[in-house]
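The following report describes one protein chain, from its overall architecture to individual residues. Please consult the sequence and the structure shown here while reading.

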Amino acid sequence: MALLKHLVVLLLVTSIFPGCTSLPETNPMPQAREGIAWIERQFKTCSDKDCPPPTRKTLAIVELPAARKETTPVVAVVPPTVPSVVRSDEPVTATVLFAFGKDSPSADGQQALKRIAKIAANFQRIELEGRTDDIGSKAYNDHLAQRRADFVHSWLLKHGVNAEIVVRAEGLCCYLDTALTETSRRNNRRVEVRLVNRQDAVSNSKGAQ
């Protein structure tokens, strides 16, 4: 019986002892949080407790980046090219076009003749040269070139042109464009007109004498 009491006491002691000897749990220390603050005129990281609080002065220093303005590219202004001054004694040239195998001008040729008639009175001399394309015989084209030049000569006289008119003609010769295309041949069917000895140039030369 005494032994049984001794065992009960021993069990009670061992069950109570760990509870008495165990240390109470302590609350963990809160970790410092990191922040960003304006320090020494720049943004730096700092611990939460060491970060200076924002002030009016700090907010005035820290300015938001201004919106970037788009710069307008500077375009260099190139002055227009001034055409060279045409001397009053330089000849004026024009081209009267003709249709295939014809000795009368095309629509473009008629317009060219009208422009020539408007300025012909300002010149003392007009030179005409009849031309053809490369189709046909030499004899046929020489005759066609002459007929074309004669047509222009007669047309100018009928429209009151009193200048001296010199007529020359040759076919299968002196092409503006030697390519074997219809466009080239159309440009070669022509009478070349050269207006020389401008009236004001002649009068000026006489006055200088």
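## Basis and overall architecture

Strands are DSSP runs of E with at least two residues, and they are numbered from the N terminus. The structure is a predicted model. Within it, N197 is found in strand β6, which covers residues 190-198.

The secondary structure of the chain comes to six helices and six strands. In sequence order these elements follow the pattern α-β-β-α-β-α-β-α-β-α-β-α. Of the contacts in the chain with a separation of 6 or more, 69% are between residues 24 or more positions apart. The chain has 209 residues, and buried residues make up 22% of them.

## Confidence of the prediction

The mean pLDDT of the chain is 77, and 56% of its residues reach 70 or more. Over residues 201-209 the pLDDT is below 50, and beyond near neighbours in sequence this stretch has four contacts in the model.

The pLDDT also stays under 50 over residues 19-23, where the model has zero contacts beyond four places in sequence. Where pLDDT is low, the predicted coordinates should not be read in detail.

## Strand pairing around β4

Strand β4 (123-130) pairs with β6 in the antiparallel sense over seven bridges. Within this pairing, the bridge partner of F123 is R198 in β6.

Strand β4 also pairs with β5, here in the parallel sense over six bridges. In β5, V166 is the bridge partner of E127. Together with α4, the strands β4 and β5 make a right-handed β-α-β unit.

## The largest nonpolar core

The largest nonpolar core contains 18 residues, of which V96, I126, L128, V152, L156 and V193 touch the most other members. The elements that give two or more residues to this core are α3 (107-119), β4, α4 (138-158) and β6. In soluble globular proteins, nonpolar side chains tend to be buried together.

What is I126 in contact with, leaving aside its neighbours within four places in sequence? Its contacts include A120, L156, V161 and A163. They also include E164, I165 and V166, as well as V193, R194 and L195. Of these contacts of I126, L156 and V193 are also among the core residues that touch the most other members.

The structure holds one disulfide. This bond joins C173 to C174, with an S to S distance of 2.2 Å. Are the two cysteines buried or exposed? C173 has a relative accessible area of 12% and is therefore buried, the cut-off being under 20%. C174 is partly exposed, with a relative accessible area of 42%.

C174 lies in the loop between β5 (164-169) and α5 (182-188). Its backbone has a positive phi of about 55°, although C174 is not a glycine.

Whereas C174 belongs to a loop, N197 is part of strand β6. The relative accessibility of N197 is 42%, so this residue counts as partly exposed.

Note on methods:
Residues are numbered from 1 along each chain as its sequence is written. This is a predicted model: local features need pLDDT of at least 70, side-chain atom pairs count only at pLDDT 80 or more; totals for chains, interfaces and linings use all residues. Side-chain values use heavy atoms; hydrogens and water are left out. Helices (H or I, at least four residues) and strands (E, at least two) are DSSP runs, numbered from the N terminus. Buried means under 20% relative accessible area, exposed over 50%, partly exposed in between (1.4 Å probe, protein chains only). A nonpolar core is a set of buried Ala, Val, Leu, Ile, Met, Phe, Trp, Tyr and Cys residues joined through side-chain atoms within 4.5 Å. Contact means heavy atoms within 4.5 Å. pLDDT is the predictor's confidence in each residue, from 0 to 100. Two strands pair if DSSP finds at least two bridges between them. A crossover is right-handed if, with the strands pointing away from the viewer, the path from the first strand over the helix to the second runs clockwise. A disulfide is a pair of cysteine sulfur atoms within 2.5 Å.
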